[in-house]
Amino acid sequence: MIMRFFAIAAALLLCAPATAQEAIDQNTLAPSKDPTRTANGLAQTPPMGWNSWNKFNCKIDEKTVRAVADGMVSTGMKDAGYTYVVVDDCWHGQRDKDGFIGADPARFPSGMKALADYVHSRGLKFGIYSDAGRKTCGGRPGSQGHEYQDAITYARWGVDYLKYDWCNTGTRNAEEAYALIADALRATGRDVVLSICEWGNNRPWDWGKKIGNLWRTTGDITDKWVGKYNYSWGVMSIADMNEPLWPHAGPGHWNDPDMLEVGNGGLTDTEYRTHFSLWAMMAAPLIAGNDIAAMDDATRAILLNHDVIAIDQDRLGVQGRRVWKDGDREIWVKPLAGGARAVLLLNRGEAPATITTTWDQLGLPDRLGASVRDLWAHRDLGRKRGSAVATVAPHGVAMFRIQP
Ligand code: GLA
């Protein structure tokens, strides 16, 4: 199994030099817009930003979004790479007599164009939410039958990111429905990241790459450690469902295990570090879901861990995966550009555990010297040969960058 992972990873690397190198060279000159490579040439690393849903649900308004945009700048989130400010469900008012959608006048009295302008003025990008059915999950007007009209409206407002949901779609074909909105967005000539959100129901990893930039792989995340709660799942359950899909991720097209719950209060700081580390190992979109304007220091230290963010954003764009498991102890590995590896030692258990990773598990020769950096302690541990070890707290992780 382990050998198979590295055989495939090596094969990816072997055939990648041409493709990865080409894509990188192209990007330094001009962003690739070749639609045969990926949908639109956007999101060459996993998208980063903030979304209103996990914290605010339907109770969202323009004042809150402006405060979040301000917070993204003042807390350093923007400088750390968090770019998109996305308003999820329930921003909508009604369609006018010609079918054009507008914002809820009570919650967004200045309108979406003014809000987009505000977000842009802070140096950030603006995203919104719609649905492939007649109604969104929150019962607001969906885009079915209005795809081109809505894409034009979004372009007029200055929308840079669209999350497109799957409630009330009846017997619609998912691939067709998402291809339709992708075509409509493309026809406006505006760069819009497309977030496919049909919860993994129609195997979007098989067709999403040529249509959108990320696709949800699961039902909704909830602020719990593990398990299923109605239509939602705890973070460890989501990680387990997203992990086997690693071969489908790559620059421009990512598996999306849903938005972050870090800072929302349901888990311990140790558990939130585990959640954030797993998302980075899986090259997941890092879309914060907390109240950025009111973060405590522990939350800030997690979301702004530059060492861990760098693993998520590594330009090779390979999703990491589990290579070893013994009861509650696990080892996850993510190959990085330039031959380095990120390694995660994970303890799911209730007692501290000692976990040792060998170079063999990382696909490195045993006798090779490699420098090891602890990505949560922010400490270089020096050069090591053959293995690295850590004692890991209950529900915790140790995370290293190993550079041969
Ligand atoms: C679905 C999505 C969520 C959120 C809500 C909004 O459940 O999966 O992420 O967008 O709809 O109603």
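When I say helix or strand today, I mean a DSSP run: at least four residues of H or I for a helix, at least two of E for a strand. Okay, with that settled, hi everyone. What you see above is a predicted model, so please keep that in mind as we go.

Let's start with the whole chain. By that definition, the protein chain has eleven helices and 21 strands. How does its radius of gyration fit with a compact globule? A compact globule of 404 residues would come out near 22 Å, and this chain has 21 Å, so the two agree.

Of the 404 residues, 56% count as buried. The chain exposes about 16,100 Å², and carbon and sulfur atoms supply 52% of that. On contacts: take the ones with a separation of 6 or more, and 67% of them come from residues 24 or more positions apart. As for charge, there are 45 positive and 47 negative side chains, with the centres of the two sets 2 Å apart.

You'll find D160 in the loop between α6, residues 147–157, and β6, residues 161–165. Is D160 buried or exposed? Its relative accessibility is 8%, and buried means under 20%, so D160 counts as buried.

And who is around it? Skipping the neighbours within four places in sequence, D160 is in contact with several residues, including Y84, K125, F126 and R190. H120 is on that list too, and the side chains of D160 and H120 are joined by a polar contact of 2.7 Å. Then there's G127: 33 residues away from D160 in sequence, yet 5.5 Å away in space, C-alpha to C-alpha.

Last stop, two residues with backbone angles to look at. N230 isn't a glycine, but it has a positive phi of about 50°. N230 sits in the loop between β10, 228–229, and β11, 232–233. With a relative accessible area of 69%, N230 is exposed.

The other one is H378. Its phi is near 55°, again positive in a residue other than glycine. Where is H378? Look in the loop between β18, 369–374, and β19, 379–385. H378 has 39% relative accessibility, so it counts as partly exposed.

That's my tour, so over to you.

Conventions:
Residues are numbered from 1 along each chain as its sequence is written. This is a predicted model: local features need pLDDT of at least 70, side-chain atom pairs count only at pLDDT 80 or more; totals for chains, interfaces and linings use all residues. Side-chain values use heavy atoms; hydrogens and water are left out. The radius of gyration is taken over C-alpha atoms; the globule rule is 2.2 Å times the number of residues to the power 0.38. Buried means under 20% relative accessible area, exposed over 50%, partly exposed in between (1.4 Å probe, protein chains only). Contact means heavy atoms within 4.5 Å. Accessible areas come from the Shrake-Rupley method with a 1.4 Å probe; for residues, only the protein chains shown count as cover. Lys and Arg count as positive and Asp and Glu as negative; His and the chain ends are not counted. The place of a charge is taken as NZ of Lys, CZ of Arg, CG of Asp or CD of Glu. A polar contact is a pair of N or O atoms within 3.5 Å; within protein, one must be able to donate a hydrogen and the other to accept it, and residues adjacent in sequence count only if both atoms are side-chain atoms.
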